[in-house]
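Subject: Structure handover

Hello,

The structure is pasted below, and my notes on it follow. Please read them with the model open beside you.

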Amino acid sequence: MYKELPHLFSYRQYWAACFAPAPFLPMSPREMGELGWDSCDIILISGDAYIDHPSFGAAIIGRLLEAQGFRVGIIAQPDWRSPDDFQTLGKPNLFFGITAGNMDSMVNRYTADGKLRSNDAYSPDDSGGRRPDRAVIVYSQRAREAYKNTPIIIGGIEASLRRLAHYDYWSDKVRRSILLDAKADILIYGNAERAVVDIAHRIAAGEKPEQIRDLRGIAYAAKAAATGLDCDSLGTIDRLEELPRGEWLPRCGGRRESKPGGFMAPSLAPRPSYQGNHSPRGSSSSRPLALPSYQSVRTDAAQHAHAARVIRKETNPWNARTLVQNHGDKDVWVTPPPIPLSSDELDSVYELPFARAPHPAYDGSHIPAWEMIRFSVNIMRGCFGGCTFCSITEHEGRIIQSRSPESVLREIDAIKEKTAGFTGVISDLGGPSANMYRLGCKDKQIEAHCRRMSCLYPRACRNLSTDHEPLINLYRQARAQPGIKKVLVASGVRYDLAIYSKSYVRELVTHHVGGYLKIAPEHTEPGPLEKMLKPGMDVYYRFRELFENYSKRAGKEQYLIPYFIAAHPGTTDEDMLNLALWLKRNGFRPNQVQAFLPAPMALATAMYHTGYNPLKPLGKDGGEALATAKGLRKRRLHKAFLRYHDPENWPLLRDALKKMGRTDVLGNSKHHLIPNHQPAGTGSSGEGRRGKKAAKLRGR
């Protein structure tokens with residue numbers, strides 16, 4: 001069992017706690033002077049504009065470190081073309097903390113079709129071009145140029161999801177761990193609070209970053225072990241959970257190390273000890289597990305898919321092992337995920353003295369990300385849904401961390417008091433999933449050994465608590481607060497979870513829907529849904545019936561808006577046609593459609609890159625092969641099926657349907673998908689354009 005962990009705020013404060021909390025963390029020497037500072041202990045560099053609000057990672061980490069007694073400055077969206085901006089606040093006494101911001105910089109700057117975006121919701125006036133591609137790497141390089149010997153700690157979602165060798169969609173190749181490219185001292189992944197606080201205090205006490213190896217939730221590089229860590233063959237990962245406790249783990253190929261201590265030669269790559277406050281449950285969870293090397297996953301699709309499968313199975317903090325991946329002369333070590341914060345700790349983090357506003361330097365600027373969340377409240381973290389196209393499991397983890405109702409209500413009061421323009425409407429009360437608040441495994445012993453990829457697929461696990469009463473009570477308390485007119489739920493509702501609580505659906509529909517409720521079936525066909533780990537349409541129909549019945553009882557005209565993904569791995573042209581026919585039968589005409597974006601470390605990204613299904617065990621000869629929509633033309637076709645009603649898409653669809661032998665869906669009746677002939681005056685631009693240029697585009 002885990003030993004009792006110290007409370008996140010139980011550390012002895014650093015000496016600079018004598019300074020009062022800053023109104024805003026300083027972004028200039030002038031602000032430092034007004035605070036009475038001669039230097040910063042820690043400087044955070046972020047790709048986002050600095051908004052002092054708990055929805056923004058840099059603000060949370062900055063305020064948390066401030067509460068530990070450190071003087072924290074922020075350099076937001078620096079000019080990366082020279083080191084000058086990185087010297088704005090001087091040299092930090094302890095370290096630079098670097099993040100790309102709330103989004104991966106490549107996801108932020110490019111569309112799913114690889115086109116450069118002209119806007120950036122996290123920048124002043126929604127302006128694009130305020131951050132570089134691969135921001136963590138570039139910022140780290142410039143910080144090192146500015147102050148050569150200052151330690152660099154990287155974190156945030158970009159670093160977190162690139163901590164190991166990963167497929168990069170934008171360069172269409174497998175890249176090595178971002179830790180090595182950034183030349184950082186330590187990478188913090190996932191929820192960073194525990195690790196960053198411990199690291200800050202230890203560096204302040206005189207430890208060097210290279211001495212910090214016994215923390216959870218970090219990655220670091222070490223000289224490659226003499227015995228080698230390369231995993232050359234696929235093996236028994238699916239039987240790992242059956243290994244006797246305390247027995248030495250086999251390598252991925254099932255071969256036991258022949259030397260005592262194996263690849264953990266102390267002089268080369270010291271094994272994390274996890275002593276004291278960091279000791280994990282059971283001896284087996286402290287034993288490292290070798291992943292296929294960077295060289296292997298770069299050249300061997302089966303090894304890449306196998307590595308993705310292993311990584312997903314090692315996301316439960318109660319049984320995850322340290323992962324080790326060879327990168328030539330370096331090994332990248334990734335320690336087990338951090339222990340989730342208690343409700344009391346999470347409350348304390350969200351109730352730090354945030355100004356709850358953009359920094360005054362942006363006075364008068366329009367920042368869309370801020371305007372979207374300024375009247376919302378985050379009530380929990382994590383997700384146990386395990387959707388393969390989503391990276392939340394690999395980042396925030398599968399264990400739900402929930403705030404107390406009292407803390408949530410205090411934040412609502414803070415919104416009323418501090419946030420300009422508040423009209424009495426809370427725009428969202430949610431999190432990664434709106435209705436996972438206080439849910440989790442009923443049996444902690446079962447949870448401690450579980451390696452399921454999803455607690456909801458194909459149906460909710462029988463050991464999963466689906467009691468929505470705490471959330472219902474929170475909703476009632478929130479809307480009963482003085483000055484609150486309405487509390488909306490805008491976060492994604494897991495309808496496959498909501499069907500287990502009719503009282504929740506009734507409460508939601510009666511009081512917390514603003515006319516439309518967005519949910520995400522993602523597809524209608526069994527093949528793609530299986531690859532997504534999403535339920536079948538029978539679950540959607542059950543929820544729709546509840547939604548419509550309770551809306552009618554409440555005397556409200558409300559609508560479900562289903563979201564679907566085009567071009568997801570495992571999706572055929574026939575699957576997309578069936579989805580389009582379903583949309584037409586049900587009267588849906590989507591205006592904005594989502595194409596699958598292969599984000600780093602998601603299981604579906606491994607499917608896209610390798611053509612294999614990592615949801616199932618792989619062997620030396622690979623595994624289950626998948627249909628994968630690659631290339632601009634194929635991806636456009638799948639998107640066009642979702643927008644079947646747009647005449648611009650009809651030429652592309654018509655050509656594809658003829659090749660598929662499905663001319664039966666061409667015609668002018670309501671039972672046909674699109675007209676057999678292009679109506680005059682339509683198809684003059686975009687994918688429906690005609691002529692030589694259009695033919696060339698359609699052939700890409």
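A residue is called buried when its relative accessible area is under 20%, exposed when that area is over 50%, and partly exposed in between. Please also keep in mind that this is a predicted model.

Most residues other than glycine have a negative phi. Two residues here are worth a look for that reason.

E522 has a positive phi of about 75°, although it is not a glycine. The residue sits in strand β20, which covers residues 516-522. Is E522 buried or exposed? Its relative accessible area is 6%, and the cut-off for buried is under 20%, so E522 counts as buried.

D126 is the other case: it is not a glycine either, and its phi is positive, at about 60°. You will find D126 in the loop between α3 (105-109) and α4 (135-146). D126 has a relative accessibility of 23%, so it counts as partly exposed.

**A cis peptide bond**

Most peptide bonds are trans. The bond from Y457 to P458 is cis, with omega near -5°. P458 belongs to the loop between α14 and α15 (469-479).

Strand β20, where E522 is found, is part of an open sheet of 3 strands in the order β20-β21-β22, paired in parallel. β20 and β22 (594-595) are the edge strands; each has a single partner, so one side of each has no neighbour in the sheet. Strands of a sheet pair through backbone hydrogen bonds, either parallel or antiparallel. Between β21 (residues 559-566) and β22 there are 2 bridges, and these strands run parallel. To find the place in the model, look for I565, which stands opposite Q594 in β22.

How many of the 8 residues of helix α21 are buried? The helix spans residues 603-610 and is mostly covered, with 7 buried residues. These are L603, A604, T605, A606, M607, Y608 and T610. The elements that cover them include β6 (166-168), α9 (301-313), α18 (526-532) and α22 (632-642). Just after α21 comes G611, with a positive phi of about 80°.

Helix α23 covers residues 650-660, and its buried residues are W650, P651, L652, L653, R654, A656 and L657. Just after α23, G661 has a positive phi of about 75°.

**A buried asparagine**

N435 lies in the loop between β18 (428-430) and α14. With a relative accessible area of 1%, N435 is buried. Which residues does N435 touch, leaving out those up to four places away in sequence? They are H468, L471, G492, V493, R494, L497, A498 and Y504. For R494 there is a further detail: its backbone nitrogen lies 2.8 Å from a polar atom of the N435 side chain.

**Empty space**

Rolling a probe the size of a water molecule over the atoms shows where empty space is left. In the whole structure, the search finds 10 cavities of 30 Å³ or more. The largest cavity holds about 250 Å³ of space. Its lining is made of 30 residues, and those nearest its centre are Y189, T315, P337, P338 and H395. Two or more lining residues come from each of α7 (193-204) and α12 (392-395). Helix α12 gives the largest share, 3 residues. By class, the lining of the largest cavity has 14 nonpolar, 8 polar and 8 charged residues.

The second largest pocket contains about 480 Å³ of space. Of the 24 residues that line this pocket, I399, G440, C441, K444 and E447 lie nearest its centre. Helix α14 (residues 444-449) supplies the largest share of that lining, 3 residues. The pocket lining divides into 13 nonpolar, 5 polar and 6 charged residues.

**Where to start**

Regards

Key
Residues numbered from 1 in each chain as written. Predicted model: local features only at pLDDT ≥ 70, side-chain atom pairs only at ≥ 80, totals over all residues. Heavy atoms only, no water. 1 Å grid on protein atoms, 1.4 Å probe; cavity = no way out; pocket = protein on both sides within 12 Å on 5 of 7 lines; lining within 4 Å. Points joined across faces, edges and corners; volume = space filled by probe spheres on them. Helix = DSSP H or I, 4+ residues; strand = E, 2+ residues; numbered from the N terminus. Nonpolar A, V, L, I, M, F, W, Y, C, P; charged D, E, K, R; others polar. Buried < 20%, exposed > 50% of the residue type's maximum accessible area, 1.4 Å probe, protein only. Contact = heavy atoms within 4.5 Å. Pairing = 2+ DSSP bridges. Polar contact = N/O pair within 3.5 Å; in protein donor to acceptor, adjacent residues only side chain to side chain.
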